[in-house]
Amino acid sequence: LRILDVGCGGGLLSEPGGSLFITTLNKTNLSYALAIVVAEQLLHIVPRGTHDWEKFVSPVELERLLESNGFLVQSVQGMLYNPISGAWSWTSNTEINYALHAVKQDDEFVLNSKTKITNVNQRTNHQISK
């Protein structure tokens, strides 16, 4: 996944406060069945080969990637496409498509967050090993 440094809602992505909005497909069996089998192969809504299963990413994986690069995820919301009406709508279900909003944090926040996470992990690992 490549993150481009473009301005959106508060500055460049490399600047604290810059917003990043991503819409993508979740990596689930259901998203594979609907996006590749149904949309590409059966209904021909999109050309065959439009979707690459290897590039599908779960919200958890994407959140980890973004947080390791100094972003704080603000929201994740499911998206649902109705092929009959051609309309998209918001849903709480992220099994197929979802949108994610993340904000670039300043270096001090990122450093403090990583330190807190490391300390929590050390305590948890210590408690488990007892």
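Predicted model: local features only at pLDDT ≥ 70, side-chain atom pairs only at ≥ 80, totals over all residues.

Author: Let's start at His-101, which you'll find in strand 4. Is His-101 buried or exposed? The cut-off for buried is under 20% relative accessible area, and His-101 has 17%, so this residue counts as buried.

Leaving out residues up to four places away in sequence, His-101 touches Ser-19, Leu-20, Phe-21, Leu-72, Val-73, Gln-74 and Ser-75. Take Ser-75 from that list: Ser-75 and His-101 are 26 residues apart along the chain, yet their C-alpha atoms are separated by 5.3 Å.

Ser-19 sits in strand 1, and its side chain is joined to that of His-101 by a polar contact of 2.9 Å. Ser-19 is another buried residue, because its relative accessibility is 8%.

Next, look at the nonpolar residues around here. The largest nonpolar core has ten residues: Leu-20, Ile-22, Val-57, Leu-62, Leu-66, Phe-71, Val-73, Tyr-98, Leu-100 and Ala-102. At least two residues each come from strand 1, helix 2, strand 2 and strand 4. In soluble globular proteins, nonpolar side chains tend to be buried together.

Leu-62 and Leu-66 bring us to helix 2, residues 59-67, where the buried residues are Pro-59, Leu-62 and Leu-66. These three lie on the same side of helix 2, because they cover an arc of only 65° around the axis. An α-helix has 3.6 residues a turn, so residues three or four places apart point the same way. And what do the buried residues of helix 2 pack against? They pack against strand 1 (19-25), strand 2 (71-82) and strand 4 (97-104).

One last stop is strand 2, which runs antiparallel to strand 3 (residues 87-91) and is joined to it by five bridges. Gly-78 stands opposite Thr-91 of strand 3. The two strands make a hairpin with four residues between them, and Gly-86 in the turn has a positive phi of about 75°.

Note on methods:
Residues numbered from 1 in each chain as written. Heavy atoms only, no water. Buried < 20%, exposed > 50% of the residue type's maximum accessible area, 1.4 Å probe, protein only. Arc of directions from axis to C-beta. Contact = heavy atoms within 4.5 Å. Core = buried A, V, L, I, M, F, W, Y, C linked by side-chain atoms within 4.5 Å. Pairing = 2+ DSSP bridges. Polar contact = N/O pair within 3.5 Å; in protein donor to acceptor, adjacent residues only side chain to side chain.
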